[in-house]
Amino acid sequence: VSSNLERDEKLLEICKLLNKEISYYNWVGFYFANHDTKTLHLGPYVGAETDHTVIPFGKGICGQVAESNQNFVVRDVKTQDNYIACSFTVKSEIVIPLFVNGKNIGQIDIDSHEIDPFTEADERFLEFVNEEVAKLF
Ligand code: SME
């Protein structure tokens, strides 16, 4: 278990690496859940600055994943009513919950400027990333 600061540095490195190596991962960040206030809080991220640093459970793609505990792949954000737009350049999104000891403590969120770029390989890969991230907690 690492300190919060060390952990955040590692998470930021992961965000940078994913953003650099995978052309369609245009915004990469972590949100963490506060189960008392039922809100998600933005953690380390790379990409465009966002106003959405706090998201209530149930709101947007991220908020829905906080409640469903399931991967959410959005091929085209225009098809989603319950979606929080961060930037007009974003066309698609993938959110994978982060489990520590079986509890959904947050998620990795990736936005893409391409339509429908995410496959099952991205899901499996990001589940693996989150399993590694879980070891930091
Ligand atoms: N689009 C997300 C909000 C977070 S931003 O993508 C960084 C959503 O609908 O939950």
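Trainee: How many bridges join strand 1 to strand 2, and do they run parallel or antiparallel?

Mentor: The general idea comes first: strands of a sheet pair through backbone hydrogen bonds, and the pairing is either parallel or antiparallel. In this predicted model, strand 1 and strand 2 run antiparallel and are joined by six bridges. Take one of the pairs: Asn34 has Thr39 in strand 2 as its bridge partner.

Trainee: And what do strand 1 and strand 2 form, with how many residues between them?

Mentor: A hairpin, with four residues between the two strands. Look at Lys38 in the turn, where phi is positive, about 55°.

Trainee: Which strand does strand 1, residues 27-34, pair with over six bridges in the antiparallel sense?

Mentor: That's strand 6, residues 103-112. Follow it residue by residue: Tyr31 has Gln107 as its bridge partner there, and Phe32 stands opposite Gly106. When you look at side chains, keep in mind that in a regular strand they alternate between the two faces of the sheet.

Trainee: Is strand 1 mostly covered or mostly open?

Mentor: Mostly covered, with six of its eight residues buried.

Trainee: What order do the strands of the open sheet have?

Mentor: Read it as 3-2-1-6-5-4, six strands with antiparallel pairing. Strand 3 (54-56) and strand 4 (72-74) stand at the edges with a single partner strand each, so each has one side left without a neighbour in the sheet. On average, neighbouring strands are turned by 25° against each other, ignoring direction.

Trainee: Where does helix 1 pack?

Mentor: Helix 1, residues 4-21, packs on the sheet and touches strand 1 and strand 2 (39-46). The direction of helix 1 makes about 65° with that of strand 2.

Trainee: Which strands does helix 2 lie across?

Mentor: Helix 2, residues 60-68, lies across strand 1, strand 2, strand 3, strand 4, strand 5 (92-100) and strand 6. Against strand 5, helix 2 runs at about 30°.

Trainee: Now the ligand. Which of the 14 residues around it come nearest?

Mentor: Gly60, Ile61, Cys62, Ile84 and Cys86. Then ask which elements supply the shell: helix 2 and strand 6 are the ones that give two or more residues. Helix 2 has the largest share, four residues.

Trainee: How do the residues of that shell divide into nonpolar, polar and charged?

Mentor: You'll find seven nonpolar, four polar and three charged residues around the ligand. So much for the shell; back on the sheet, helix 2 is also the element to trace across strand 1 and strand 6.

Note on methods: Residues are numbered from 1 along each chain as its sequence is written. This is a predicted model: local features need pLDDT of at least 70, side-chain atom pairs count only at pLDDT 80 or more; totals for chains, interfaces and linings use all residues. Two strands pair if DSSP finds at least two bridges between them. Axes are lines fitted to C-alpha atoms, for helices over the stretch in contact, and angles run from 0 to 180 degrees between N-to-C directions. Two residues are in contact if their C-beta atoms, placed from the backbone, lie within 7 Å. A residue is buried if 20 or more other C-beta atoms lie within 10 Å of its own, exposed if 12 or fewer, and partly exposed in between; C-beta atoms are placed from the backbone. A residue is near a molecule or strand if its C-beta atom, placed from the backbone, lies within 6 Å of it. Ala, Val, Leu, Ile, Met, Phe, Trp, Tyr, Cys and Pro count as nonpolar, Asp, Glu, Lys and Arg as charged, and the others, Gly among them, as polar.
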